[in-house]
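Subject: Structure for your review

Dear colleague,

Please find below the structure that I am handing over to you. My notes on what was found in it follow directly after.

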Amino acid sequence: LDYSAAAVKLCTRMYGRQENLKYVEGNAMKLQFDDNSFDVLYNVESSHCYSDMPKFIQEVYRVLKPGGYFAWTDFRNKKQMNSIRESFTTTGFEVLKDEDITTGVLKALDEISDDKQTRIKKGTGPVIRRSFETFAGVRGTPIYEAFSKGEIQYYRCLLRK
């Protein structure tokens, strides 16, 4: 599910339609699926853009089958993460894993930073280059520095309905 019709079209074109996989346009805070219709939902690096995280969590819970799993990965500061944890539990999720993986993420970013920067330099013009570098988390960008200074952390959680 993606909010962008263009992203859905691109994914469908690039990866085709698998028998059990379909790309759809939609709003994560108002999922267009029936109650109890999924065994697993996975959300990675997008929920930080949502305007109503508790509503998103409620929607995920609604569309998961009983016993279904929600795997979530994203970055937040500690205060925001505490609020998200509270939403997970008050919604009814059982928290199976809740890990701060910032150290590993920084290590990975360090290992691929130079390569990413080279590719971005080749593929973009100077006006938009910094935006791509920040999105990619290369060394010296605000997101990389925030991870390094402990201002934000990268988390992964596994929950069960």
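Beyond its neighbours within four places in sequence, S113 is in contact (heavy atoms within 4.5 Å) with V138 and R139. The side chain of S113 reaches the backbone nitrogen of R139 at 2.9 Å, a polar contact in the sense of a pair of N or O atoms within 3.5 Å, where within protein one must be able to donate a hydrogen and the other to accept it, and where residues adjacent in sequence count only if both atoms are side-chain atoms. S113 belongs to helix α4, residues 102-123; helices (H or I, at least four residues) and strands (E, at least two) are DSSP runs, numbered from the N terminus. S113 counts as buried because its relative accessibility is 1%, buried meaning under 20% relative accessible area, exposed over 50% and partly exposed in between, with a 1.4 Å probe and protein chains only.

Please note that this is a predicted model, in which local features need pLDDT of at least 70 and side-chain atom pairs count only at pLDDT 80 or more, while totals for chains, interfaces and linings use all residues. Residues are numbered from 1 along each chain as its sequence is written, and side-chain values use heavy atoms, with hydrogens and water left out.

Overall architecture

The protein has six helices and four strands, and their order along the sequence is α-β-α-β-α-β-α-α-α-β. The C-alpha trace spans about 45 × 40 × 25 Å along its principal axes. Of the 161 residues, 34% are buried. Among contacts between residues at least 6 apart in sequence, 71% join residues at least 24 apart. The accessible surface is about 10300 Å², and carbon and sulfur atoms account for 52% of that area; the areas come from the Shrake-Rupley method with a 1.4 Å probe, and for residues only the protein chains shown count as cover.

As to charge, the mean positions of the 25 positive and 22 negative charges lie 4 Å apart. Lys and Arg count as positive and Asp and Glu as negative, whereas His and the chain ends are not counted; the place of a charge is taken as NZ of Lys, CZ of Arg, CG of Asp or CD of Glu.

Aromatic pairs

The structure holds eleven aromatic pairs. Rings of Phe, Tyr and Trp (its six-membered ring) pair if their centres lie within 6.5 Å; planes under 30 degrees apart count as stacked, over 60 as edge-to-face and the rest as tilted. Y50 and F56 form an edge-to-face pair, at 4.9 Å centre to centre and with 70° between the planes. Y50 is partly exposed because its relative accessibility is 22%, whereas F56, at 4%, is buried.

F75 and Y154 form a tilted pair, with 6.4 Å centre to centre and 40° between the planes. F75 lies in strand β2 (residues 64-76) and Y154 in strand β4 (residues 153-160), so this pair ties together parts that are 79 residues apart in sequence. Both partners are buried: F75 has a relative accessible area of 18%, and Y154 has a relative accessibility of 6%. One aromatic cluster is formed by Y50, F56, Y61, F70, W72, F88 and F93.

Helix ends and loops

E45 sits in the loop between β1 and α2 and is partly exposed, with a relative accessible area of 45%.

P54 is in helix α2, residues 53-63, and is partly exposed at 37%. The C-alpha atoms of P54 and S87 are separated by 5.8 Å, although these residues are 33 apart along the chain.

Finally, T124 lies in the loop between α4 and α5 (126-136) and is buried, with a relative accessible area of 16%. A polar atom of the T124 side chain lies 2.7 Å from the backbone oxygen of I120. Leaving aside neighbours within four places in sequence, T124 is in contact with R129 and F132.

With kind regards
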